[in-house]
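User: I would like to go through this structure with you. Could we begin with how its helices pack?

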Amino acid sequence: MKRSRLSLILLFIVAAMLLSSCGEMLSGTSWPGVSSNGDTLFVAYRNHVYAVRVSDGTMLWRFPADGGPQMFFAMPVLTDNQLLVGDYDSNLYSLDPNTGVERWVFREANGDWIASPLVVNDMILAPNGDHNLYALAMNGSLLWKFPTGNPLWSRPVSDGEFVYQASMDHHLYAIDLRDGSKVWSTDLGGAVIYSPTISEDGVLYVSTLARNLSAIEAATGNILWQRSFEENLWTQPALHEDRLFFGDMAGQIYSVSITDGGDIWTQNVDQPVTGQPTIMDEMVIFPIEEGMLIATSLTGERLWSITVDGKLFTGPVVTGDRLAVGISGGQNFLKLIGSNGSDIWTFVPPN
Amino acid sequence: MWDTLIITPFINTILFIYTLVGHNFGIAIILFTLLIRLITHPLMVRQIKGAQAMQQLQKNEKWLKIQEKYKGDKEKLAKEQMALYKELGINPFASCLPTIIQLPIIFGLYQAIILSLASTPVDLLNLIRHIYPGLLKVESLIPLNSRFFWMDLGSPERLLIPGIPFGIPILVVLVVVSTYVQGKLISPPAANPKDQTAAMTNMMNIYMPIFMGYLAYTLASGLAVYFIASNLAGILQYAMLGRVNWANVFPFLKKAEETKIVKKKTT
């Protein structure tokens with residue numbers, strides 16, 4: 001009888017572990033957030049934030065050193081000798097970028113930090129899953145917060161006077177940096193996952209889950225033009241001079257005019273394009289979900305393509321004349337490649 | 001295959017209900033649970049009948065004789081038992097087969113709820129891929145309203161009360177209580193309370209609520225809502241079939257029943 005009682009308890013423990021880990025597997029994952037200062041790459045992925053030397057791929061430090069229950073995915077942001085990174089447990093950390101030592105933690109938010117903060121005029125603008133955009137001083141103290149109707153998953157952009165925040169509540173908000181008051185809001189017709197792209201002449205370009213791409217005047221919030229697509233757009237458009245580059249979930253890649261959204265060229269790559277393309281040296285690099293990078297010229301000629309083990313949900317990060325690729329769900333999560341797609345190193349974190 | 005046959009139809013049904021009930025995911029989970037319970041009701045009836053037949057068999061004279069006669073020869077015992085099953089027209093798997101058939105539905109429901117409560121962009125991308133575009137419109141559906149009373153159905157539930165420094169897991173308490181009550185109510189009266197089956201049932205009635213409570217404490221509260229709705233629906237189904245033993249939960253009913261029997265015997 002004792003044996004059967006023990007077997008039953010063991011069975012329940014195994015089932016609880018299986019179901020809990022199954023739940024974790026199905027939910028709460030994302031792609032690595034990568035940023036660079038030229039010499040060092042900062043990567044947020046799963047239980048750690050890593051600092052990796054660009055020249056040889058060796059790890060300089062990781063936070064937390066021993067790992068813990070926290071999950072990090074939002075791109076770390078380097079500013080004013082601070083590295084800002086949020087986790088999926090409501091904590092926004094300021095780390096010493098040279099050592100990874102914690103300086104302060106902001107704990108007043110209640111949701112996940114899915115998007116990265118933006119730093120403007122010595123102010124940290126941090127969007128959270130609890131629907132609020134938080135404005136913090138550089139020491140982590142709260143200045144103001146701006147509420148929206150749904151979680152914030154995209155990084156804000158700013159022109160130095162206003163901050164523009166897209167929300168899952170279908171709206172794009174313009175907020176006064178001085179006091180956090182609303183200047184205008186525009187209904188875009190669908191939830192916004194990726195950040196808007198802002199041009200020097202004050203136009204915001206943003207895609208939504210309503211399968212449209214909009215150009216919005218930053219000063220007024222008026223929609224200048226809006227173009228609908230057949231397929232979902234899971235991307236932030238990349239801006240270069242007078243054109244935008246992006247792809248759709250059916251595998252069509254586009255170069256469109258910023259004037260009216262009309263096609264300049266399009267081509268089919270057969271696989272879903274997920275995330276913002278990267279522009280480097282007159283070249284556009286499109287991330288393909290199934291682990292491929294396709295590089296074209298600005299006029300659409302294919303230059304090279306490479307395949308990695310895992311999935312890609314954003315374009316590579318330019319670091320000097322090289323590209324750092326953050327890979328989700330593969331054997332490795334960080335790879336450095338040359339501007340011609342050649343393999344330089346793959347980061348393997350020490351045990 | 002699993003996705004196409006189970007997960008995707010489940011997700012679309014639950015989201016379709018969600019649109020019908022004014023974008024309330026909590027109500028959608030409850031109605032979807034009731035719908036699944038209704039669809040699998042015939043299986044449940046068969047399971048109960050099978051279990052009842054097996055229970056009756058334990059008291060059968062022939063059965064008891066066989067047990068005694070061949071207790072040292074397992075092979076012969078199995079042969080004789082099979083012959084008796086045939087003779088009495090009993091299918092020994094009748095009680096467990098419907099449960100096995102229901103298992104994929106339960107796992108599918110679990111996965112459908114988790115997937116529907118997408119809490120990151122990658123989860124949402126995965127969810128959108130499961131949506132039938134002809135049935136549901138992504139632009140009006142997303143973001144899902146995961147608020148239900150004080151809860152965010154995508155996160156473990158804790159009720160924050162002013163003055164108390166920690167959140168109270170109300171749903172966990174409800175899951176534990178409803179699982180315990182359901183287990184007790186549907187346990188058949190044991191022919192011999194000392195036999196191994198009865199002891200196992202008693203153990204299950206203790207460990208199962210703890211197990212379910214642990215899941216409700218650690219996983220999304222949407223699942224806790226499903227557990228509670230499922231337990232209550234189960235009790236209701238058993239009650240409608242007249243299979244609920246109220247005396248297991250309310251011992252005074254048992255005493256009253258016993259007094260009645262004694263009175264009848266003495267008169």
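User: At what angle do helix 9 and helix 11 of chain B pack?
Analyst: Helix 9 (residues 170–186) of chain B and helix 11 (residues 221–240) of chain B pack at about 25°, and their axes are 9 Å apart. Helix 9 of chain B is therefore roughly parallel to helix 11 of chain B, the term for angles under 35 degrees. Axes here are lines fitted to C-alpha atoms, for helices over the stretch in contact, with angles from 0 to 180 degrees between N-to-C directions. Helices (H or I, at least four residues) and strands (E, at least two) are DSSP runs, numbered from the N terminus.

User: What is the source of the coordinates, and how are things numbered?
Analyst: This is a predicted model: local features need pLDDT of at least 70, side-chain atom pairs count only at pLDDT 80 or more, and totals for chains, interfaces and linings use all residues. Residues are numbered from 1 along each chain as its sequence is written, while chains are lettered from A and ligands numbered from 1 in the order in which they are written.

User: Which residues of helix 9 of chain B are buried?
Analyst: Among them are L171(B), V172(B), V175(B), S178(B), T179(B) and Q182(B). Buried requires 20 or more other C-beta atoms within 10 Å of the residue's own, with C-beta atoms placed from the backbone.

User: What about the length of helix 9 of chain B?
Analyst: At 1.5 Å a residue, its 17 residues should span 24 Å, and the end C-alpha atoms of helix 9 of chain B are 24 Å apart, which agrees. The expected span is 1.5 Å times one less than the number of residues.

User: Now helix 1 and helix 2 of chain B: how do they pack?
Analyst: Helix 1 (residues 2–20) of chain B and helix 2 (residues 25–39) of chain B pack at about 125°, with axes 8 Å apart.

User: Turning to chain A, is T278(A) buried or exposed?
Analyst: T278(A) counts as buried because it has 21 C-beta neighbours inside 10 Å. T278(A) lies in strand 25 (residues 278–280) of chain A, and the residues it touches include A238(A), I285(A) and L323(A).

Definitions and conventions:
Parallel < 35°, antiparallel > 145°, perpendicular 65-115°, else oblique. Buried ≥ 20, exposed ≤ 12 C-beta atoms within 10 Å, placed from the backbone. Contact = placed C-beta atoms within 7 Å. Lists of a residue's contacts leave out its neighbours within four places in sequence.
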